[in-house]
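Hello,

I'm passing a structure over to you and hope you enjoy looking through it. Please open it first, and then read my notes below.

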Amino acid sequence: MAQETISSPNKPQKPKWLRVKLPVGKKYTELRGVVEKYKLNTICTSGSCPNMGECWTEGTATFMILGNICTRSCGFCGVKTGRPETVDWEEPEKVARSIKLMSIKHAVITSVDRDDIKDGGSIIWAETINAIRRANPNTTLETLIPDFQGNKTNIDRILAVAPEVVSHNLETVRRLTREVRIQAKYDRSLEVLKYMKDQGQRRTKSGIMLGLGETAKEVVETMQDLANAKVDILTIGQYLQPSKKHLPVKEFITPEQFDKYKEIGLKMGFKYVESGALVRSSYKAQRHLV
């Protein structure tokens, strides 16, 4: 199966379907004010997410804990890489308080990788989820976790506090993993996802980006690998280069091709497949609770 793309011998031109409306509205302005006032880290801003205005207006936001400096240097990610600051043990209460101030209905929590500390940040993860539940009993939660280097003790800390959805992104196809994710491992991520489901996690989720040079056959193989790992929810989106230092976009996938992948994914048995150029990990995340 050939993958439908828009590309050129040189740098591909961004197509019209990737145009994003500027975020506006009272709700967006209020959330932006709280984020700036309390110096919160959100992947919406750190990752330059194109859907920030839409999600914030709908009362969904993705908070990034454990600082904004990552110990890994993935070729696709706009988050800073380097030596992280010390863990802020007051962060769980700050995030919980902010979610209450922002009247967030569905919160997605993610983090940088913290390979520099023994627990990988899992203790702060668990305390953050507990703090959010105490302050916001009606807010539902999705956790977009790192691989914790496959350490089951650290993964178990997340499962023990029972977020409604636990997500871990595979990001790309097997062949491109070493180039795109550098310190991560394709099979280790699959093992993390399968382990969580085997331990009884009700909803698991993963996402991949397209346009990095993968073939359509590789995309379908990756989707099947995720289905075999019993993943419930799959997101598929277009990779966009955060800066000139990051991996270039090799091609822009057409909306029709994204629709084909959604159809294939639903036939594979995924409960939800969000597939489109502007889809990101937490896009329409509140839909994935049922």
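Leaving aside its neighbours within four places in sequence, which residues is D232 in contact with (contact: heavy atoms within 4.5 Å)? They are K197, R202, R203, T204, F270, K271 and Y272.

A word on the background: this is a predicted model, where local features need pLDDT of at least 70, side-chain atom pairs count only at pLDDT 80 or more, and totals for chains, interfaces and linings use all residues. Residues are numbered from 1 along each chain as its sequence is written, and side-chain values use heavy atoms, with hydrogens and water left out.

Back to D232: this residue sits in the loop between helix 9 (216–228) and strand 9 (233–238). Helices (H or I, at least four residues) and strands (E, at least two) are DSSP runs, numbered from the N terminus. D232 is buried, at a relative accessible area of 4%; buried means under 20%, exposed over 50%, and partly exposed in between (1.4 Å probe, protein chains only).

Now to the cysteines. An unreviewed UniProt entry gives the feature "binding site" at C70, C74 and C77; UniProt positions follow the numbering used here, feature names are shortened, and annotations may be inferred rather than shown by experiment.

C70 belongs to strand 3 (residues 69–70) and is buried, with a relative accessible area of 10%. Beyond its neighbours within four places in sequence, C70 contacts V79, K80, T81, G82, V112 and D113.

C77 lies in the loop between strand 3 and strand 4 (80–81). This residue is partly exposed, at 25% relative accessible area. With neighbours within four places in sequence set aside, C77 touches P242 and H246, in contact with both.

Best wishes

Methods. Contact means heavy atoms within 4.5 Å.
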